[in-house]
Structure formats: C-alpha cells, structure tokens
Amino acid sequence: YNLSLPDNFLHNNSKYMLIAGCGTGKEPIYFNKILNDCNITAIDLSKSSLSYAIRMSKEENSSNIKFINGDLLNVEMLKQKFDIVICSGVLHHMKIPEEGLKKLLEVTKPGGLLKISLYSKLAREHLADYQKKAKNLNCDDLNTIRNFRNEIISNENRNNQIFKTGDFYSLHEFRDLIFHKMEHQYDIPSLEKLFLKNKLRFLGFQDVNDLHFKFTEFFKTDKNLYSLHHWNIFEENYPKSFYTMYQMWLQKLD
C-alpha cells in the first residue's frame, strides 16, 4: 500500500475488521483474501445487496466473513471493537457525515486503522451542472434518468469528462452519480480539519491509478507522501487525480 502504517500492526495476532456499507461484497471478499487471520464483519442496509454478497462469498470460498443487515448509525449494537474499519463511499451520502464517522470511531480500538473514501469537490466539478438540473427531476423513475442521460449523449461533446466516467454507462450507477438525494464533497484542507477535530492521524492515500508515482514525479521526491499540504498542491495542479474518491488510511489516536 505504501502507507505509513504503525510498526507490526498487520503482524500482531488475529485482527477484527468492520466493513460499514459492504454493498455486494467486493471489499470483504478482497480483504479476506489478502489478510490472513482476519475476522470480518460486513454490514449494509440493503438486504438485496447482502444476499448477493453472501452468494459471491460462498462462490469465492471466502471464510471469516459475517454479513449483517444493519445501519452504520447503530453500529454500537454489534457490541464489538475493531482493529480495522473500512467505509467506502458511504459517509458523503449521509445527512451529517461526521456523525457517521464518530459512530465508526466509537467501535474502533485505540490505535486502530480506518480506511474511508469521500468525494473530491475538484474531481467532481464537471458534474455540478448536471446535478443541479437533476434536482428538479424524479430520481426514482428510471425512464426519467435514462432520458436525462440520452440528452447528455445527444448534446455534449464526446471529449466531455463525463463520458470518461465508468458510472455513466450503467443506469443505476448513473443515478448515483447525478441524481443522489444527498451528496457532500470535500477538499484536502477540509479533510485536514476533519482529521484534526476527530483525533485522526493521516497515514496516506490508497495508491490507485499510479497516484503515488505521479505525485513523486511532480515533486521529484517521495518524502512528502504523507503531507496533506503537498497533496493539496498536487490536486490543484491535477484536479482529476481523485475522480474515484479520496481513499484514505487513518489511525485513531489514543
């Protein structure tokens, strides 16, 4: 991962992981494969997504995963503390994201790790006009969503950034991309304030799409990989760097 992980963290005894908002099971199955001796609890509000996740985990022979239908805001009902907490693409769709983060921190052991993923304001600027127009439309009607997407296809230049987004080509993912009822976006200075307020140590961004290589090439050194100040400069110069979301590893301070 090329992260600033605590010494021997992943080598100490068995670990307990929570995946809050596991969807169709991609993350729990992935972590079950790469982490030995890790007991995974995966929760999600959607029973249909959980059903698919359970079926896929059986097909992949994934053991040590416990799937639970539940709400992130009621996570204390699990009556368990976790060494690692994963929450990807969930908090920014909550009415008050920080409330969700605090709930996750309550079940994270002191010194434990969190991986959270949040939308970048800069990376999603090209969606703002579409999202504004979509607010006046019925987000629950698939024909309305399909017609709106067809209008974009008919009227926009093929070099438009929206056509480079994979979610554009799936109707349900396009609905989440443009029509979601609640969406919060962040920039790196606002993330830094969030971490400071909640006593979180930044351990690094997930290295997706050669992100660390591009950062190192830009600064001609890799010594600032854990500096949010330098990442902010980098994103201002390359605003689409986090188009899939900020994917961050953090540590809950004692």
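Let me start with one residue. S62 counts as buried, at 13% relative accessibility. The cut-off for buried is under 20%, so S62 falls inside that class. Leaving aside neighbours within four places in sequence, S62 is in contact with I29, N32 and S57. One caution before I go on: this is a predicted model.

Next, the sheet. Seven strands form an open sheet. Their order is β3-β2-β1-β4-β5-β7-β6, and the pairing is mixed. The edge strands are β3 and β6, each of which pairs on one side only. On average, neighbouring strands of this sheet are turned by 20° against each other, direction ignored. As background, strands of a sheet pair through backbone hydrogen bonds, either parallel or antiparallel.

How do β4 and β5 run? They run parallel, and six bridges join β4 to β5, which covers residues 108-118. In β5, K115 stands opposite I86.

Now the helices on the sheet. Helix α3, residues 97-106, lies across β1 (15-20), β4, β5, β6 and β7 (246-252). The helix runs at about 145° to β5. Helix α7, residues 188-197, also packs on the sheet. Helix α7 touches β5, β6 and β7. Its direction makes about 20° with that of β7.

C38 lies in β2, which spans residues 38-44. Is C38 buried or exposed? C38 counts as buried, with 1% relative accessibility. Not counting residues up to four places away in sequence, C38 touches K15, M17 and N64. There is also S14, which is 24 residues from C38 along the chain. The C-alpha atoms of C38 and S14 are separated by 5.6 Å.

K79 is not a glycine, yet K79 has a positive phi of about 50°. K79 lies in the loop between β3 (65-69) and β4 (82-88). K79 is exposed, with a relative accessible area of 77%. The cut-off for exposed is over 50%, so K79 belongs in that class.

The second one is N209. What is the phi of N209? The value is near 55°, positive in a residue other than glycine. N209 is found in the loop between β6 (200-205) and α8 (211-219). How accessible is N209? N209 is partly exposed, and its relative accessible area is 47%.

Last stop, a pocket. I mean the second largest pocket, with about 330 Å³ of space. How many residues line the second largest pocket? The lining has 17 residues. Those that lie nearest the centre are Q131, K135, I178, H180 and E183. Which helix gives the most to this lining? That is α4, residues 128-134, with four residues. By class, the lining has seven nonpolar, three polar and seven charged residues.

To recap. We have an open sheet of seven strands with mixed pairing. Helix α3 lies across β1, β4, β5, β6 and β7, and helix α7 packs on the sheet too.

How values were computed
Residues numbered from 1 in each chain as written. Predicted model: local features only at pLDDT ≥ 70, side-chain atom pairs only at ≥ 80, totals over all residues. Heavy atoms only, no water. Helix = DSSP H or I, 4+ residues; strand = E, 2+ residues; numbered from the N terminus. Buried < 20%, exposed > 50% of the residue type's maximum accessible area, 1.4 Å probe, protein only. 1 Å grid on protein atoms, 1.4 Å probe; cavity = no way out; pocket = protein on both sides within 12 Å on 5 of 7 lines; lining within 4 Å. Points joined across faces, edges and corners; volume = space filled by probe spheres on them. Nonpolar A, V, L, I, M, F, W, Y, C, P; charged D, E, K, R; others polar. Contact = heavy atoms within 4.5 Å. Pairing = 2+ DSSP bridges. Axes fitted to C-alpha atoms, helices over the stretch in contact; angles between N-to-C directions.
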